[in-house]
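Hello! Here is the structure I promised to pass on to you. Have a look at it first, and then read on for what turned up.

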Amino acid sequence: MFSTELLTNEINFDETNKSLLEELINYGSSLGADFVEIFLECSDNISILAEEDCITSVSPSFGKGAGIRIFKDMKDGFVSTNDLSKDGLKNAIIQAVEMLDILNFSSKRNFDGLEKFRDYSKEKSNWLKVVPSINEISDKLLLSTKSLKRNQKIEVRKGSYARNWQKVIIASSDGTFAKDIRLHQTVGLNLIASEKTYRSSGSRRLGSSDSPNDFRDWDHEETANEVFESSMNMLYADYVEAGQKPVVLANKFGGVIFHEACGHLLETTQIERGTTPFADKLNKKIAHESVTAIDEGISKGSFGSISIDDEGMEPEKSILIKDGILKKFISDRAGEIRTGHKRTGSGRRQNYSFAPASRMRNTYIAGGKFSKDDLISSIDDGLYCKSMGGGSVGATGQFNFAVEEGYLIKDGKLTKPVKGATLIGEAVEVMTKISMCGDDLSLAPGFCGSISGSVNVTVGQPHIKVDSITIGGR
């Protein structure tokens, strides 16, 4: 009997499940499936919100279940369940097979058994015990919001923390048999300042993976200083004039534009949908020769780093664009089957209730040879985007992003702050206009939503110069 105790008891969450998982995979194969995958998960998450000088929300959540995926030719069926009995999992397999209309198919597929157990969790077993407690988190969040209270202009002060702890076992008919424990923590501060008719906001977010003490080590005063300074700089700023101008985008979260406008178009899910203009551009120029772009899951501590993806594959460093030439797509198992692009360790999902899909991990434009001052001094009349806000992206790469903190560039120098700027463009155009890349690559955490739910990612770049882009304003 395969009881839920196997998933909640640390002692039994290991290779002792092997014979039962092999039996279940054999059962799916006997029904005619080309491929059977079982993803077992339990999770322990919490989010805490501080507003002004009070904790206003503490939201714990716990999850436990399985995702069953079946392939037949190029089609797949997916069923999730939290009935983790043997019969419950067999019923989920039947449902997934029935979705593909192959029940009682006469041909049984070969399955040679699961590989030797790969355990990536050995040094992670105590993480849940040593992460900060609710009281510890609350106390530090209140300190951080208190440190934002600097003058009478500060109207709203907020601090937020979120922790995601996840334990998984992945078993599939290609022999994959692996276990991992994941830990992600993120903390953010934001404020709103106002005086009479003037209004501004500032925000910063930090995040890490696999580092239980990172929240304890967080310098909340330094983050508060950055948020306060940003909001004060923008409080009395004039509105920017609309038009076409060169821009310099700052490093760190400036990379969100590449992530959203171009990175998604290099996922094989977009090839399957027919929504990427880059589908037939492999080994062709799609960007300025100054641009090299990378997606990887291996940078220690980065928010998008993983030991294995949600299909059990170790991540790799994928050079997507090299000197402006498209070299690789971000691919998962379904992408490899349907498009022919080899897997890159990028099959990711929010939790067991989602089927995995090709998703970005740590995605960034690589550093170049120029300093930030080199980029700014090369522009006579333009805009410096120090901090990016929210935005939206169309299916084929059309985008608009708000500039949270911006400054005019005049005669090669930064001048007055401006607000209300929006960057508008298309990936196929803006990528060809990134003519200079700085030498100060830096990354920033974020969350990315797509067909397999919300996953932890990192965006990044050095300072970059875009020769011309549409700036929306007044």
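In this predicted model, the axes of helix α2 (residues 18-30) and helix α3 (residues 86-99) come within 10 Å and cross at roughly 30 degrees. Axes here are lines fitted to C-alpha atoms, for helices over the stretch in contact, with angles from 0 to 180 degrees between N-to-C directions. Helices (H or I, at least four residues) and strands (E, at least two) are DSSP runs, numbered from the N terminus. The angle makes α2 roughly parallel to α3 (under 35 degrees).

Which residues of α2 meet α3? They are Leu20, Glu23, Leu24, Tyr27 and Gly28, and their counterparts in α3 are Lys86, Leu89, Lys90, Ile93 and Ile94; contact means heavy atoms within 4.5 Å.

Now for the sheet. Six strands form an open sheet with mixed pairing, in the order β12-β11-β10-β15-β22-β21; two strands pair if DSSP finds at least two bridges between them. β12 (325-326) and β21 (442-450) stand at the edges with a single partner strand each, so one side of each has no neighbour in the sheet. β12 pairs with β11 (residues 318-322) in the antiparallel sense over 2 bridges, and Ile325 in β12 is the bridge partner of Lys322. Helix α8 (residues 256-263) lies across β10 (293-296), β11, β15 (362-365), β21 and β22 (453-461), at about 120 degrees to β22.

Two notes on reading this: residues are numbered from 1 along each chain as its sequence is written. Local features need pLDDT of at least 70, side-chain atom pairs count only at pLDDT 80 or more, totals for chains, interfaces and linings use all residues, and side-chain values use heavy atoms, leaving out hydrogens and water.

Definitions and conventions:
Angles under 35 degrees count as roughly parallel, over 145 as roughly antiparallel, 65 to 115 as roughly perpendicular and the rest as oblique.
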